[in-house]
Amino acid sequence: MNRENKKEYFTDLYNQSFDYVYSYIFARAAGNCQLTEDIVQETYAAAWLSLDRFDEKCTYRTWLCSIAKNKLRENYRKAIYREKHEIPDNESFNELVGSFDLEKLVLYHEMRSSVLEVLEGMCPLYRYALIMKYMDGQSVKEIAKVLGKTAKAVDGVLQRAKTVFERAYLKVEGSDRNNG
Amino acid sequence: MIEIMDDRELEKMIKTVDIEVVPPEGLKEKLLARVRDVDDKTGSIMTPFERFIFEKPLRTACSISFTISGLLWAIMGSGLTKLLIGMIG
């Protein structure tokens, strides 16, 4: 395939898959638009570079999603490393939820918006653990491998993440009802 | 004390996020242009040989290693094994 044909082929695939890949990343980035944009760009850039190696054993979408998954993993690992010593305790999380813009909260009537908001406000480790477990259906063992922790440690992380999620969700929903 | 949510309930809630969304207008074109820009930059700067090294570093390392081993074997013959054993031992 020459360069021009490759470009044309890539553009076709890009147009066909963009919305799907964007949505896949958007959900796993917990609705963070800037992060989604960056990961989408990195995913397609990587796909372009390795287009010749795509063997069509799976669909193009699946292939792109696996690239996106790796890019997300890299990103979360960096974020977790950065915040290693700054895992928010309940108090700081309450402050975080309390500082949400009032006008912004009025818009969050649907459960989905609240879930997105809560996930986005959580620390990267808890957010990523919940996404891997409940969105992608990965086992504790698989999560442990990704995070470089023991299964027991991941169990603890998931338990704490669930507690933080529930508290923050109730808080957001409560504020939502009060403001609505 | 808040009771921890049921796993199924939590899964259902988190999965509400995983639906198809409409990307902001113009983003698709903007990102395609950026991906092409990155490609044009690397494509115009790097020669095919440099691209090979950049894209396939493992293959490059193996090729160099085999070439050097082959050359040393051709020059030294069985002396190479003795030298290697001597270096290790």
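I looked up what comes after α1(A): Ala30(A) follows this helix, and its phi is positive, near 55 degrees. Helices here are DSSP runs of H or I with at least four residues, and strands are runs of E with at least two, numbered from the N terminus. This is a predicted model, where local features need pLDDT of at least 70, side-chain atom pairs count only at pLDDT 80 or more, and totals for chains, interfaces and linings use all residues. Residues are numbered from 1 along each chain as its sequence is written, while chains are lettered from A and ligands numbered from 1 in the order in which they are written.

Back to α1(A), residues 3–28. I found that α1(A) spans only 33 Å between its end C-alpha atoms, whereas a straight helix of 26 residues would span 38 Å (1.5 Å times one less than the number of residues). Where does α1(A) bend? At Ser17(A), by about 55 degrees (the angle between axes fitted to the seven residues ending there and the seven starting there).

Next I checked burial: buried means 20 or more other C-beta atoms within 10 Å of a residue's own, with C-beta atoms placed from the backbone. Ser17(A) is buried, and so are others in α1(A), including Tyr14(A), Val21(A) and Phe26(A).

Then I turned to chain B. I noted 5 helices and 0 strands, and 7% of its 89 residues count as buried.

Last, the contact (C-beta atoms, placed from the backbone, within 7 Å). It takes 24 residues from chain B and 26 residues from chain A. On the chain B side, α2(B) gives the largest share, 8 residues.

Note on methods
Two residues are in contact if their C-beta atoms, placed from the backbone, lie within 7 Å. A residue is buried if 20 or more other C-beta atoms lie within 10 Å of its own, exposed if 12 or fewer, and partly exposed in between; C-beta atoms are placed from the backbone.
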